Amino acid sequence: MNSTNSVPLQALFGIFAAFSVALLITSFPNANGLTSDSAVHLRLQSPLRQFLSGIPARDTECRAGLHLIVKSGGGMPACVSEDTAKALARRQWGHEIKPDLAGSGNITGTVCSYFQQIRGNRTQLLDFFKIMPKGGDLHNHLSGSISPEDLINLAIRKGLCYNSASYALVKPGKSGCTGSNIFPVSRTQENLTAREMLIKSWSFQGFNYSSGESPHDHFFEAFGKIDAVTKFIPEMLGYWRKTNTEENMEYAEVMYTDPFASNEIKALTDGMARSGITVNASDFQTAYDFLKGQIDGQGIAQKSVQNYITNDTKSREFCGTYCDTTFRYIFQISRNYPLPRVFATMVMGFEIANQTLANHANPVVAVNMVGPEDGQYSMNNYTVHMNMLDFLKRKYPHVNITLHAGELSSSLHDITREDMTSHIYQAINTGHAQRIGHGVDIQSELKDRPSLIAEMRQKKIAVEVPLTSNFIILNVTAAEHPFPFYLENGVAVAPSSDDQGILDTNMSNEYAILATDYPQVNYTEIKDLVRNTLEYSFLPGKSLWKDPGEYSIELPQCNNLTYTGNCWKKGTDEKATYQFELEQKLDRFESYIYHSLGHP
């Protein structure tokens, strides 16, 4: 599962973002596709024969005038008249697949077959996923998502220095980049060895897994080394938006903490200490009253919200020609501090996210706790942290919460089986998490709480899964990863990137890994994973779909996904709007591939 950068491509945005005509011509040669005769043969086959030949039930093609319906439970397809389809649906025999949802069964079936042919070819998979609309990325940290090459360029622009002993960035002194082992980053434009060492120190490019260095430690130490450049938020967001647009991503929920808010949090924590206010499991109210009073009195949350808005706007100046990806933001709460600092950060985050209720322009949609879950503060205070979230959720019932939980494995130093028994459970039941990040230790937790997986399915708790991250940080192989276990148990999964700059990956690579390591997951199921990234997002408004995960059933008041005032409103139902656009893009994507394979 080692990550590999995708083949460089020229993004030519025509009918939809990131479709490259040159790429399609080279990546989808007719010799590798189905022939027109094969497509005709498939059209003449019965639903059962299509199903047995490997075509997913929902992609079955019916003869003209017949409607596709898929049986509940068994998933068998049938082609029947319109009246019969409606009657069977009323009797709950199955679900009718609308033509607009199924697309052209011939086209989708051909794409499914082509996908099966190329899933053993990494280059073709990367090309395929590069242009495939991939919906959203719900789990990514701004500070770790920018490539080291872009960070070097930004550091040069900002006149930063680096320490040649630690390869950490530092600000220049009064005399510039002077002192022992201190050099200007601009030096790396000529000194390619120094440039290579910075890239290796800040990322997993060229990482030697047999060197004895812990990948877990290399990952988390990288953040401290690049900290001085990650403070330039608009530029960082610009680079990240450009990357997402090139990757054909429609939407991303980006984790970062406003630097202004961070400074104020430290001041608030110091203020509590001077006032003799403590934070402990038995009394959160006293500290909350103090923090709330200070935040309101100084207008700190409103100022921070404005910073998020300003940074989002300014970022478009730095993302080049294409800036199509929409960003919303998740306020990060670092858990590896003493309790007063953590609680102050939580209150700040909830206050900022709560502004969404009064101001729809606020781009902060949720809060999350970040930092190594196996860290000392996190492990010792995990239950207290969840109790803090429970306390604040009661104060701010509409604030969304997603949590890193279960990011643990026995490969980590000092982590035992006993340490992996309750983090996901507590995150959901005490911390009110609506989504879980990583969730790797689920099977360990099930030994003590066997009903947890059913609870996640029932509560519609999605799991944000960054495969490369889980492999590198936790040493979880494909065979050990619970990704297929979640799917088998009806728990929604949303592929994500985590920290792709440090991890040397991207979303095309994450989907390619998924396709390679889990051959039981077919193309239409991957499409549903893409749909999950918008369905389980914190975008406001109605969903296009009746039930999360039931993507063959549209809202009952929608007519074949046609936009109407009674169905969803483009101005207010952002989620439905983005979902509708994703369906259109997926249809165009499949049609483009179909025709590139030589079909008329």
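**Parallel strands and a buried glutamine**

Arg435 sits across from Ala462 of strand S13. The model is a predicted one, with local features needing pLDDT of at least 70, side-chain atom pairs counted only at pLDDT 80 or more, and totals for chains, interfaces and linings using all residues. Residues are numbered from 1 along each chain as its sequence is written, and side-chain values use heavy atoms, with hydrogens and water left out.

Strands and helices here are DSSP runs, numbered from the N terminus (E, at least two residues, for strands; H or I, at least four, for helices). S12 and S13 (residues 462-465) run parallel, joined by three bridges; strands pair if DSSP finds at least two bridges between them. S12 (residues 435-438) also pairs with S11 (residues 400-405), again in the parallel sense, over four bridges. There, Thr402 faces Arg435 of S12. To get from S11 to S12 the chain passes through helix H18 (residues 423-429), a β-α-β crossover that is right-handed, i.e. clockwise from the first strand over the helix to the second when the strands point away from the viewer.

After H26 comes Gly598, with a positive phi near 100 degrees.

Gln579 lies in H26 and counts as buried because its relative accessibility is 1% (buried is under 20% relative accessible area, exposed over 50%, partly exposed in between; 1.4 Å probe, protein chains only). Neighbours within four places in sequence aside, Gln579 contacts Leu534, Glu535, Ser543, Leu544 and Trp545, contact being heavy atoms within 4.5 Å.
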